[in-house]
Amino acid sequence: MLFAHRPSCIKRLLIIEDDPLTAFDNEHTLKLGGYDIVATVDSGEAAVAIMAAEPIDAIVLDLGLAGHMTGREVARLARDRGIAVLLVTGQCPEDGADIAVACLGKPHSASALVAALRAVETMTCKNQAPRKVSGLTTFWRPEAA
């Protein structure tokens with residue numbers, strides 16, 4: 001097995017990616033990493049419908065999407081619903097800390113994608129600083145205990 005399976009507070013994922021090959025690779029990698037993929041969609045409109053209908057722990061979001069909604073709009077809606085946001089995009093935006101927990105740059109390896117989600121879990125569920133992950137920018141702000 002590529003990745004060891006372990007319990008996680010982030011289990012149910014929504015992948016939002018407009019490139020079909022990247023979406024397929026991300027879905028395959030994250031399934032092997034032990035995550036439940038609720039859906040993989042290519043537009044903000046489809047993502048919002050899934051978030052309204054299904055419990056989601058985190059989203060893996062590319063900022064460039066099909067449809068009329070932007071990735072930033074989707075990220076803000078997810079954040080407002082208490083869903084952790086991992087941006088996976090070519091260049092992390094300057095306002096990344098306002099819309100996401102972390103940003104993983106493209107291109108990335110399969111192991112970096114899983115490690116990035118583990119880092120998001122460490123920050124959001126354990127309120128701890130994550131280990132360094134190649135290509136990952138984190139926006140961790142510790143919560144008061």
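The lining of the largest pocket divides into 10 nonpolar, three polar and four charged residues; Ala, Val, Leu, Ile, Met, Phe, Trp, Tyr, Cys and Pro count as nonpolar, Asp, Glu, Lys and Arg as charged, and the others, Gly among them, as polar. The model is predicted: local features need pLDDT of at least 70 and side-chain atom pairs pLDDT 80 or more, while totals for chains, interfaces and linings use all residues. Residues are numbered from 1 along each chain, and side-chain values use heavy atoms, without hydrogens and water.

The volume of this largest pocket is about 350 Å³. Of its 17 lining residues, A100, V101, T124, F139 and R141 lie nearest the centre. Two or more lining residues each come from β4, α4 and α5, and α4 gives the largest share, three residues. Helices (H or I, at least four residues) and strands (E, at least two) are DSSP runs numbered from the N terminus.

| Element lining the pocket | Residues |
|---|---|
| β4 | 84–89 |
| α4 | 96–99 |
| α5 | 110–125 |

Helix α1 holds 13 residues, 20–32, and should span 18 Å at 1.5 Å a residue, which agrees with the 18 Å between its end C-alpha atoms; the expected span is 1.5 Å times one less than the number of residues. A23, N26, T29 and L30 of α1 are buried (under 20% relative accessible area, with exposed over 50%, 1.4 Å probe, protein chains only). These four cover an arc of only 135° around the axis, so they lie on the same side of α1; the arc is taken from the directions from the helix axis to the C-beta atoms. P20, L21 and F24 are exposed on the other side of α1. The buried residues of α1 pack against β1, β2, β3 and α5, contact meaning heavy atoms within 4.5 Å.

Definitions and conventions:
On a 1 Å grid over the protein atoms alone, a cavity is a set of points where a 1.4 Å probe fits but cannot get out, and a pocket is an open set with protein on both sides within 12 Å along at least five of seven lines; lining residues have an atom within 4 Å of a point. Grid points are joined across faces, edges and corners, and a volume is the space filled by probe spheres set on the points.
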